[in-house]
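Reader: I'm new to reading protein models, and I'd like a close look at a single part of this one. Please start at one spot and show me how it connects to what lies around it.

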Amino acid sequence: MRRLLYAAFLTVLPLTAALAEPAAGWMNDDDIRTAFDGVTIDGIYSDRTTFTESYLKDGRITYRDTLKQMTGRWSVVEKSFCTIYDGFVSGGCFKVTRHSVNCYEFYFLAPSEAAVAGAEPENARWTARGWNKDKAATCDEKPAV
């Protein structure tokens, strides 16, 4: 019986973690800028699509995946990392946590910089993992949530 309860706990734990702040905590504005300003990341979305995105020092973005290429701009707003693309409705603002030395997790928070102020961080949902492509990736294959 004890093993059954423990197995049930392990099954429910990842589901509850998806709704709460990650154990590592959300990155603050300075941490986000330090991690991404002038950096190119490789990443993977929850649907297993891979992508590459460069955050240029002037605030511009270049993005590509297997289906499209986009440009846009990035910013840091109230402890959120925003990626807004030219002519596309995709993108938005994300809470970010450092999962390991060179592994970041992105949680969708709001569709625009203006919407960040009214968004509830506890409702942020896991979207992707990424890592600085110039360093050894430290992401494992499974998302934390």
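Author: Let's start at Asn28, which sits in the loop between helix H1 (2-17) and helix H2 (29-36). Helices (H or I, at least four residues) and strands (E, at least two) are DSSP runs, numbered from the N terminus. The model is a predicted one, in which local features need pLDDT of at least 70 and side-chain atom pairs count only at pLDDT 80 or more, while totals for chains, interfaces and linings use all residues. Residues are numbered from 1 along each chain as its sequence is written, and side-chain values use heavy atoms, with hydrogens and water left out.

Asn28 is partly exposed, with a relative accessible area of 33%. Buried means under 20% relative accessible area, exposed means over 50%, and partly exposed lies in between (1.4 Å probe, protein chains only). At the start of H2, a side-chain oxygen of Asn28 comes within 3.1 Å of the backbone nitrogen of Asp30.

Now follow H2 itself. Its buried residues include Ile32, Ala35 and Phe36. Looking down the axis of H2, the buried residues fall within an arc of 75°, so they line one face of the helix; the arc is that of the directions from the helix axis to the C-beta atoms. Just after the helix, Gly38 takes a positive phi of about 80°.

Contact means heavy atoms within 4.5 Å.

Let's zoom in on S5 (residues 80-85), where five of the six residues are buried. Two strands pair if DSSP finds at least two bridges between them. On one side, S5 runs antiparallel to S4, joined by six bridges, with Gly72 opposite Tyr85. The hairpin of S4 and S5 has two residues between the strands, and Glu78 there takes a positive phi near 45°. The hairpin of S5 and S6 has five residues between the strands, with Gly87 in the turn at a positive phi of about 75°.

Back in S4 (residues 69-77) we find Ser75, which counts as buried at 16% relative accessibility. Its side chain makes a polar contact with the side chain of Glu113 (2.4 Å). A polar contact is a pair of N or O atoms within 3.5 Å; within protein, one must be able to donate a hydrogen and the other to accept it, and residues adjacent in sequence count only if both atoms are side-chain atoms. Leaving out residues up to four places away in sequence, Ser75 touches Ser80, Phe81, Cys82 and Glu113.

A nonpolar core is a set of buried Ala, Val, Leu, Ile, Met, Phe, Trp, Tyr and Cys residues joined through side-chain atoms within 4.5 Å. The largest one has 21 residues, of which Phe36, Ile41, Tyr55, Phe81, Val96, Tyr104 and Phe106 touch the most other members. H2 and the strands S1, S2, S3, S4, S5, S6 and S7 each supply at least two residues of this core. A second, separate core of 10 residues includes Cys93, Leu109, Val116 and Trp126. Tyr55 shows the link well: beyond its neighbours within four places in sequence, its contacts include Phe36, Gly38, Ile41, Trp74, Phe81 and Thr83.
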